[in-house]
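Trainee: I've got a model open and I'd like to talk it through. Can we take it piece by piece?

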Amino acid sequence: MTQTNEADQHPKRARMLGTRVRQFIRRGGRLRYEPHRNPRNGKLVWVVVAVFPNKSEQPVFTSTSGEHKHFRSADTMIQYHQQMCPEETVLTVPLPESR
C-alpha cells in the first residue's frame, strides 16, 4: 500500500505575481479579495487572492516589492478587478469583521 501525503497531492506552486494575473485568469483562475486591518494603524486594506480551478488559493504578490498585492480603497479594487476580469459583471467583497 502506498501512502501519499498532502504535499504530494498538491505540488508546490511558484509565487503568484501581479504580472501573471491576466494569464492566470485566461486559464480559468479567479480573484477574490480579503479585508484586513493594518495592526499598526487600524486602516482597512483588501488583499488580492488567486483562486485556482481546483479551489486552492494563493495570495498575489507585487512584482516590484514582493509584498502582498492589496488595495486601500474599494474604488481602486473595483477598477483593478474590471481590468483583470472584464467579462465578470458581479464582484462580491466581504466586509471586515467588526471589532
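Predicted model: local features only at pLDDT ≥ 70, side-chain atom pairs only at ≥ 80, totals over all residues.

Trainee: Where does T62 lie?

Mentor: Helices (H or I, at least four residues) and strands (E, at least two) are DSSP runs, numbered from the N terminus. Strand 4 covers 57-61 and strand 5 covers 70-71, and T62 lies in the loop between strand 4 and strand 5.

Trainee: Is T62 buried or exposed?

Mentor: Buried means under 20% relative accessible area, exposed over 50%, and partly exposed in between (1.4 Å probe, protein chains only). T62 has a relative accessible area of 19%, so T62 is buried.

Trainee: Which side chain does the T62 side chain join in a polar contact?

Mentor: A polar contact is a pair of N or O atoms within 3.5 Å; within protein, one must be able to donate a hydrogen and the other to accept it, and residues adjacent in sequence count only if both atoms are side-chain atoms. Contact in general means heavy atoms within 4.5 Å, and T62 touches L17, E67 and K69, not counting residues up to four places away in sequence. The polar contact of T62, at 2.7 Å, is with the side chain of S65.

Trainee: Why do the buried residues of helix 3 line one face?

Mentor: In helix 3 (residues 74-84), the buried ones are M77, Y80, H81 and M84. Seen down the helix axis, they line one face because they fall within an arc of 100°, taken from the directions from the axis to the C-beta atoms.

Trainee: Which exposed residues sit on the face of helix 3 turned away from its buried side?

Mentor: The buried residues of helix 3 pack against helix 2 (21-26), strand 2 (30-37), strand 3 (44-51) and strand 5. The face turned away from that buried side carries D75 and Q82.

Trainee: What is phi of K55 near?

Mentor: K55 is found in the loop between strand 3 and strand 4, and counts as exposed at 63% relative accessibility. Most residues other than glycine have a negative phi. K55 has a positive value, near 80°.

Trainee: What pattern does the protein follow along the sequence?

Mentor: There are three helices and five strands. Read along the sequence, the pattern is α-β-α-β-β-β-β-α.

Key. Residues numbered from 1 in each chain as written. Heavy atoms only, no water.
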